[in-house]
Amino acid sequence: MTIKIIPGAKWGRRAWAQPIHAVPTTERQHFLVHYDGGTPITRTGNAVPQAVDKEHHGNGWAGIGYNFLVDQAGNVYEGRGWNLVGAHCPNFNRNGIGVQVAIGGSQEPSEAAKAAVVALYAEASRLAGKNLAKSFHGEHFSTSCAGSHLIPWVKAGMPLSGAQQPAQQAPPVASVPAPRAVKTATNASQLAIDGVWGKATTSLWQKLMGTPVDGIVSKPSALIRAVQHTVGSPADGLLGPVTWRAIQRYIGVTADGVPGPVTIKALQRRLNTGKF
Ligand SMILES: [Zn+2]
């Protein structure tokens, strides 16, 4: 799985306040999962890493201390990246890769967020030339981080459910009414490319965006809000021509603001890649 990482320059990371030492990726031995703390997060998009960057500057650090941040839509933001010493856990900043999932309090990590963490873990291990030890902040330091959902998840080995883990059976898309898709698709987790936007398309889209999977686009819709965030249009949760044009640009079809069969087919193809 390739990971799309949003570079610091793109999300507005401030200049490092002090120089940071580099560390060869082969020296990494640990992979540490963090969360944001006791307070639920309502920020989305670039505001997520920007808030952490600001806070860590405020601590007198060089800047954002995590190597990467993952939000609920599954976006991966570069903090210190693969090659710099982190500032996220004493004794593990050099030999560990620290990843914060941007949730707080009792918020549950989305499947998209978990899939992004797993992808980062795989890439970190590849770069290190060995499987890194999976751990969470509180395993090495007196803290409740990474919270009540991520800690058991890490302890269980960071499992994924559904379409994001192709090896697993019983893809959840099959559990919602989706006669068209089931009839023509080669694999039940794959949509039929029929240009018709039905429940199966909505459900898979919801799953990939980490919003509740019910196959229904309500008004306003959590799915559309997450999609708008990803494609860069105002996140009002409503699906109008402005949003459609942004989606069309994102999936590479003519941006006419009209969701015709060509657009829906392109959307279905995109969703079948397992990442929107
Ligand atoms: Zn932590």
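In what order do the 6 strands of the open sheet lie? Let's look at this predicted model one close-up at a time.

View 1. The order is S1-S4-S3-S5-S2-S6, and the pairing is mixed. At the edges you will find strand S1 (5–6) and S6, each of which pairs on one side only. As a reminder, strands of a sheet pair through backbone hydrogen bonds, either parallel or antiparallel.

**View 2. Strand S2 and its two neighbours.** Follow residues 30–34, which make up S2. Strand S5 (residues 96–101) runs parallel to S2 and is joined to it by 5 bridges. Here, look for His34, which stands opposite Gln100 in S5. Strand S6 (residues 133–136) also runs parallel to S2, with 4 bridges between the two. In that pairing, Phe31 has Lys134 of S6 as its bridge partner.

**View 3. The two faces of S2.** Are the residues of this strand buried or exposed? S2 is mostly covered, with 5 of its 5 residues buried. On one side sit His30, Leu32 and His34, and on the other Phe31 and Val33; both faces are covered.

**View 4. Helix H2 on the sheet.** Helix H2 (residues 47–58) packs on the sheet, where it touches strand S3 (68–70), strand S4 (76–78) and S5. Compare the directions of H2 and S3: they make an angle of about 135°.

**View 5. Helix H3 across the strands.** Which strands does helix H3 lie across? Residues 111–128 form this helix, and H3 lies across S2, S3, S4, S5 and S6. Its direction runs at about 170° to S5.

Note on methods
Residues are numbered from 1 along each chain as its sequence is written. This is a predicted model: local features need pLDDT of at least 70, side-chain atom pairs count only at pLDDT 80 or more; totals for chains, interfaces and linings use all residues. A residue is buried if 20 or more other C-beta atoms lie within 10 Å of its own, exposed if 12 or fewer, and partly exposed in between; C-beta atoms are placed from the backbone. Two strands pair if DSSP finds at least two bridges between them. Two residues are in contact if their C-beta atoms, placed from the backbone, lie within 7 Å. Axes are lines fitted to C-alpha atoms, for helices over the stretch in contact, and angles run from 0 to 180 degrees between N-to-C directions.
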